[in-house]
Every structure is written in structure tokens, then in C-alpha cells.
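Subject: Structure for you to look at

Hello,

Here is the structure I promised to hand over. Please open it and keep it in view while you read my notes.

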Amino acid sequence: MELSEDIAILPSSDPYHCPSHLETLTWIDQLFVYKEKTPEERLKEAFFGIKSNNRYEVKDDTGNKIFRIIEDNASWKRNFYRASRSFTMNVFNESNQEIIRLVRPFDCGSCCCSNELEVQSPPGVAIGLVRQNWHFCLPKFTVENERGEPAFKIAGPFVPHTYCADANFELVSLNGAEIDRSFGKIFKPFSGCGQDADFVLRFPRSLEVKMKATLLGACILIDCLYYEERQ
């Protein structure tokens, strides 16, 4: 998969110029995200509406576990504010070191374009931001680099119409390129397609490592905004 000419600000990954412990992402072009819930947690959520902290497992295309994502949040905030809640999610590698932190500020719900998520690596150092753009029915986001400069956009489908098909959130250039010119995607596979991952991320291998980590954050934000309540 090659980068579009319009994505000029995305340099090739350099293992010598990326945040510590993110070298794992250097040669990767796919990530598989699995949401973890125990049977007890599923029952509490289904029958009593009690939501637990989110947990995810992230694997590469060979099935190797590379990250674990754990939400750090108070029970009252999860269950009162639900999808509008602020949160911090800690991303650990296989050595149990926190290498990425995902920080979402509180959304009062007054504006559907007020959602954003900051990606930090190491924790406390911003390397990217995912910002929701206003649209009356479609998910649209801008991905920014560590300098706050827009890098590319994410264009999603009308989510209620994706129950029986893959939901594709396409990575497109800033100039509004058509979807068929996308250079990657985050997609939620249809449950009947044989793919057991909750989300799959596909992007060019040459994409900057910090942007790969930021796309992982975008995936978590998409899950929070469009799929948590449906689950």
C-alpha cells in the first residue's frame, strides 16, 4: 500500500527517530484490536447497565500480542456520562511498560464535533491528536501531528446502515480526495465475515510511527463514540 502524493507531510518511519518502545510499529502495516470483556461484565452491562473499564488487546498480522490497552476511570463517570465521558487509557507493551497514553477530555454533548483524543508517547508528551469534524450524519475526523498540523482525514460510513457489512473508516488526504483514493482504513468487520477482531487498522508500512500510534487512538475514539452503546 503506497501513500498518496497528497500525504506529503508523512515521512517514512525511522526507528532511530521515534518515541521509545514504539519501534515495534516501524515495519507494521496492520493492527488487530480485540475488546476484552468477562462474562460477568457482559451480564452486568446487559441487565443492569453497569459499564466496566474498557480493555483491549492489540495484535500484529501474525497474531503476536504487542499492546494491551486499559481504561483508567471512575465507575460513576463511566456509568453517568457514558460515551461523553473523559478518560485516560494506558497502553502497555509485552514488558508491561506504559508506552502510550490516550487522553480524551470531557464532552458536554452540546456539540457533535467537540470530540477529540490526544495521543502521548511517552506519557505526557503529545505526538498526535484526533479531532472530530462536524457533519450531520457521517463520522469525520482530522488527524493532527505533534505540531498540531493537520496530516490527513478519516471519513466514516453512516453507522446505522452497517449492521450487515464491514464499517469502513477510510484514511484520505486533506484535499478531500475521493474514498477510492484512500491510503488505508480502520474498519469494524461484520460479525459473519470470519474475522474475530473487533477492529482492523490498515495503513502504509512507511507511515510515520507516531501517526500509526495516533491511528490506534482514533480507533479507540471511534469505538467509544459509535459502538459502545450498541454493544
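Start with Glu 144. Leaving out residues up to four places away in sequence, Glu 144 touches Gly 128, Leu 129, Arg 131, Glu 149, Pro 150, Ala 151 and Met 211. Contact here means heavy atoms within 4.5 Å.

Before going on, note that this is a predicted model: local features need pLDDT of at least 70, side-chain atom pairs count only at pLDDT 80 or more, and totals for chains, interfaces and linings use all residues. Residues are numbered from 1 along each chain as its sequence is written, and side-chain values use heavy atoms, with hydrogens and water left out.

Back to Glu 144. Its place is strand 8, residues 140-145. Helices (H or I, at least four residues) and strands (E, at least two) are DSSP runs, numbered from the N terminus. Is Glu 144 buried or exposed? Glu 144 counts as buried because its relative accessible area is 9%. The cut-offs are under 20% for buried, over 50% for exposed, and partly exposed in between, with a 1.4 Å probe and protein chains only. The side chains of Glu 144 and Arg 131 are joined by a polar contact of 3.0 Å. Such a contact is a pair of N or O atoms within 3.5 Å; within protein, one must be able to donate a hydrogen and the other to accept it, and residues adjacent in sequence count only if both atoms are side-chain atoms.

Next, salt bridges. A salt bridge puts a side-chain nitrogen of Lys or Arg within 4 Å of a carboxyl oxygen of Asp or Glu. How many does the structure hold? There are 17 salt bridges. One of them joins Glu 36 and Arg 68, with the closest N and O atoms 3.1 Å apart. Glu 36 sits in the loop between strand 1 (30-35) and helix 1, and Arg 68 in strand 3 (residues 65-72), so this pair ties together parts 32 residues apart in sequence. Arg 68 is partly exposed because its relative accessibility is 33%. Glu 36 and Arg 68 also belong to a network of salt bridges with Glu 41 and Arg 55.

Glu 149 is partly exposed at 35% relative accessibility, while Arg 147 is exposed at 56%.

Now the aromatic rings. Rings of Phe, Tyr and Trp (its six-membered ring) pair if their centres lie within 6.5 Å; planes under 30 degrees apart count as stacked, over 60 as edge-to-face and the rest as tilted. The whole structure has 5 aromatic pairs. Among them is an edge-to-face pair of Phe 152 and Phe 183, with 5.3 Å centre to centre and 90° between the planes. Phe 152 is in strand 9 (residues 150-155), and Phe 183 is in the loop between strand 10 (167-172) and strand 11 (184-188), 31 residues apart. Both are buried. Phe 199 and Tyr 227 form an edge-to-face pair too, at 5.7 Å centre to centre and 70° between the planes. Phe 199 and Tyr 227 are both buried. Ring pairs also link Phe 141, Phe 169 and Tyr 226 into a cluster.

Last, look at Phe 47. Phe 47 lies in helix 1 (residues 39-48) and is exposed, at 64% relative accessibility.

Best wishes
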